[in-house]
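I opened my notebook for a first walk through this model. Here is what I looked up, entry by entry, so that you can follow along.

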Amino acid sequence: MSTQAQSKNVTLTTLQKIKDAGQKFACLTAYDACFADIASSAGVEVLLVGDSLGMVLQGHDSTLPVTMADMVYHVECVKRGNKGALIMADLPFMSYASESQTLENAASLMRAGAQIVKLEGGAWIANSTKLLAERGIPVCAHMGLTPQSVNRIGGFYVQGRDTEQAQVILEEALLLQDSGANILLLECVPRNLAKTITVSLEIPVIGIGAGPDTTAQIMVLHDLLGVSPITPKFVKNFLVGNNNGIPGAIESFVSAVKTETFPAEEHCFD
Ligand code: KIV
């Protein structure tokens with residue numbers, strides 16, 4: 001394991017300062033102590049314990065089977081390896097369907113070591129966002145392609161391509177910010193929509209398949225290492241051609257995000 005720590009623990013204030021200075025930060029999924037150590041030591045500011053673990057670790061074809069017990073276990077693992085990154089954790093499918101579930105499950109993730117929880121949805125999560133924020137739990141709102149709703153959407157498709165849908169996403173993003181969200185994550189939306197939302201919000205916006213103009217980029221670890229079974233358009237394999245192995249690949253990702261060389265044109269949707 002690598003032992004070099006981030007020079008200072010990353011907090012929400014750190015991320016807001018990066019945004020306000022017009023700079024970028026890098027986020028990566030992590031599910032265990034070893035990769036949490038490597039990624040945080042490589043300069044990744046946010047480690048997401050994502051429910052993508054249902055697909056990349058457990059072999060399911062969606063994130064729906066992931067349970068709270070799975071999430072708590074992996075958050076605890078990541079916390080043990082982390083060297084100063086901010087730990088974000090997903091509330092899995094149906095774990096925030098009611099107010100009491102939202103509060104209880106978010107509290108379990110925070111007790112396990114998360115520092116911010118992520119919920120998927122638009123206007124309907126505004127109330128949960130407010131409840132959590134009022135009780136001291138930071139929130140990242142995940143919009144655009146929301147994989148927990150794959151059965152409603154009909155597949156893993158780009159969202160917000162028509163003007164009406166784009167306007168709804170923008171308005172709901174503003175509503176979630178007003179409800180207390182500290183970060184917005186946009187997945188698979190046209191780059192111009194992501195740009196409009198990023199400049200309209202005060203909070204940092206993390207993008208995946210959302211073009212180069214968001215405040216930050218996130219990748220799924222297995223995509224970055226080229227070991228995922230499918231390779232969506234927005235993915236880049238940073239391991240291929242890298243002479244410094246996995247730590248080098250993650251460092252290259254961080255550097256590409258900060259120097260704005262990733263995502264490139266070929267990784268964007270119009
Ligand atoms: O679960 C996850 O890994 C995510 C990313 C795709 C952003 O939500």
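**Entry 1: a starting point**

In which helix is Thr-163 found? I looked, and Thr-163 belongs to helix H8. A reminder to myself before going on: this is a predicted model.

**Entry 2: H8 and H9**

I stayed with H8, which covers residues 163-178, and turned to H9, residues 191-200. I noted that two packed helices are described by the angle between their axes and the distance between the axes. For H8 and H9, the axes cross at roughly 25° and come within 10 Å. Angles under 35 degrees count as roughly parallel, and therefore H8 and H9 are roughly parallel to each other. The crossing of H8 past H9 is right-handed.

Which residues of H8 meet H9? I found Ala-166, Ile-169, Leu-170, Ala-173 and Leu-174 on the H8 side, and their partners in H9 are Leu-193, Thr-196, Ile-197 and Ser-200.

I then looked at Cys-188, which sits in the loop between strand E6 (183-187) and H9. Cys-188 is not a glycine, yet it has a positive phi of about 50°. Its relative accessible area is 4%, so I wrote it down as buried.

**Entry 3: H5 by itself**

Helix H5 was my next stop, residues 99-112. How far apart are the end C-alpha atoms of H5? I read 20 Å, which agrees with the 20 Å that its 14 residues should span at 1.5 Å a residue.

I listed the buried residues of H5 as Thr-102, Asn-105, Ala-106, Ala-107, Leu-109 and Ala-112. What covers them includes helix H4 (68-81), strand E3 (86-90), strand E4 (116-120) and H6.

Thr-102 got a closer look. Its relative accessible area is 0%, so it is buried. Leaving out residues up to four places away in sequence, Thr-102 touches Ser-95, Tyr-96, Ser-128 and Leu-132.

In the loop between E3 and H5 I came to Met-94, which has a positive phi of about 65° although it is not a glycine. Just after H5, Gly-113 takes a positive phi of about 130°.

**Entry 4: H5 with H6**

How do H5 and H6 (residues 126-134) pack? Their angle is about 45°, with the axes 10 Å apart. That makes H5 oblique to H6. H5 passes H6 in a right-handed crossing.

On the H5 side I noted Glu-99, Thr-102, Leu-103 and Ala-106, and these meet Asn-127, Ser-128, Leu-131 and Leu-132 in H6. The contact of H5 with H6 has four nonpolar, three polar and one charged residues.

**Entry 5: H5 with H4**

I compared notes for H4 and H5. Their axes cross at roughly 25° and come within 8 Å. That makes H4 roughly parallel to H5. The way H4 passes H5 is again a right-handed crossing.

From H4, I listed Met-68, Met-71, Val-72, Val-75, Glu-76 and Lys-79, which meet Asn-105, Ser-108, Leu-109 and Ala-112 in H5. By class I have six nonpolar, two polar and two charged residues in this contact.

**Entry 6: Val-66**

Where does Val-66 lie? I found it in the loop between helix H3 (53-56) and H4. Val-66 has a relative accessible area of 3%, so it is buried. Not counting residues up to four places away in sequence, it touches Asp-51, Leu-53, Gly-54, Gln-58, Met-71 and Pro-92.

**Entry 7: a cis peptide bond**

My last stop was the segment after helix H11 (245-258), the place of Pro-263. The peptide bond from Phe-262 to Pro-263 is cis, and its omega is near 0°.

Methods:
Residues numbered from 1 in each chain as written. Predicted model: local features only at pLDDT ≥ 70, side-chain atom pairs only at ≥ 80, totals over all residues. Heavy atoms only, no water. Axes fitted to C-alpha atoms, helices over the stretch in contact; angles between N-to-C directions. Helix = DSSP H or I, 4+ residues; strand = E, 2+ residues; numbered from the N terminus. Parallel < 35°, antiparallel > 145°, perpendicular 65-115°, else oblique. Left-handed = near helix turned anticlockwise from the far one by under 90°. Contact = heavy atoms within 4.5 Å. Nonpolar A, V, L, I, M, F, W, Y, C, P; charged D, E, K, R; others polar. Expected span 1.5 Å × (residues − 1). Buried < 20%, exposed > 50% of the residue type's maximum accessible area, 1.4 Å probe, protein only.
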